[in-house]
Amino acid sequence: MTRERMMGERLFYLSHLHQDGEMKVTLVLEPRSNISSGESPLSPSAVSRSDSASSTQSLSHGGAPELLVGLSYNATTGRLSVEMIKGSHFRNLAVNRAPDTYGKLFLFNSVGQEMSRCKTSIRRGQPNPIYKEAFVFQVALFQLSDVTLMISMYNRRTMKRKEMIGWIALGQNSSGEEERDHWEEMKEIKGQQVCRWHTLLES
């Protein structure tokens, strides 16, 4: 129920479309390894956006772990929606296999007290895990500029042992400019989801 494997994909350039009339094309899907080995000018991380539920391109900072997050806020209901969409470049350095990963979300008030927490289900053996899980926090409009959302990604090595892959923070105490800009854009757009990639910071 929680695992997804890509069977194949194909790039189709919109420049091939005819301007008038309907066009039907049969596309033969290929493994991603074939596409990223030279046939496509796009990087593997850029190609992966076709299954990421977002047109936002990965940042590709030298293969550093990244996370695609969607934010939206409804001022009428006070609902802050956070969607964990997918991760990229997650590695398990201890053993030679893809990691089992999950994320934890914490919401803090202006003085650092925890208001709420939740976590994703585990994605097993996926270096580029697809989560597509949404979480809702109740935040009054007057609180929106004073709260901090912290997202931590973990690699579960055993039932009792875990290690942090990295983390980001958005809101009042944002961990960087990209995170601050994402939060501000969410506030400006009012109700529509804003998706961005974020490079995870080391623990």
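Which residue takes a positive phi in the hairpin of β1 and β2? The residue is G78, with a phi near 70 degrees, and the hairpin has four residues between its strands. With that detail in mind, let us step back and look at the whole model, which is a predicted one.

## The protein as a whole

Welcome to a protein with three helices and eight strands. If you start at the N terminus and follow the chain, the elements come in the order α-α-β-β-β-β-β-β-β-α-β. The protein has 203 residues, and 40% of them are buried.

Among contacts with a separation of 6 or more, 59% are between residues 24 or more positions apart. The protein also exposes about 11800 Å², and 50% of this area is supplied by carbon and sulfur atoms.

Now find strand β2, which covers residues 79–88. Eight of its ten residues are buried, so the strand is largely enclosed by the rest of the structure. Here a residue counts as buried when its relative accessible area is under 20%.

Strand β2 pairs with β1 and with β5. Strand β1 spans residues 66–74, runs antiparallel to β2 and is joined to it by nine bridges. To see this pairing for yourself, look for L68, whose bridge partner in β2 is K86.

The pairing of β2 with strand β5, residues 130–138, is also in the antiparallel sense, and it extends over seven bridges.

Next, turn to Q138, a residue of strand β5. Is Q138 buried or exposed? It counts as exposed, because its relative accessibility is 52% and the cut-off for exposed is over 50%.

Which residues does Q138 touch, leaving aside its neighbours within four places in sequence? They are T77, G78 and R79. This brings us back to G78, the hairpin residue with the positive phi. The side chain of Q138 reaches the backbone oxygen of G78 at 3.4 Å, and that of T77 at 3.3 Å.

Q138 and N74 are 64 residues apart along the chain, and their C-alpha atoms are separated by 9.9 Å.

Note on methods:
Residues are numbered from 1 along each chain as its sequence is written. This is a predicted model: local features need pLDDT of at least 70, side-chain atom pairs count only at pLDDT 80 or more; totals for chains, interfaces and linings use all residues. Side-chain values use heavy atoms; hydrogens and water are left out. Buried means under 20% relative accessible area, exposed over 50%, partly exposed in between (1.4 Å probe, protein chains only). Helices (H or I, at least four residues) and strands (E, at least two) are DSSP runs, numbered from the N terminus. Two strands pair if DSSP finds at least two bridges between them. Contact means heavy atoms within 4.5 Å. A polar contact is a pair of N or O atoms within 3.5 Å; within protein, one must be able to donate a hydrogen and the other to accept it, and residues adjacent in sequence count only if both atoms are side-chain atoms. Accessible areas come from the Shrake-Rupley method with a 1.4 Å probe; for residues, only the protein chains shown count as cover.
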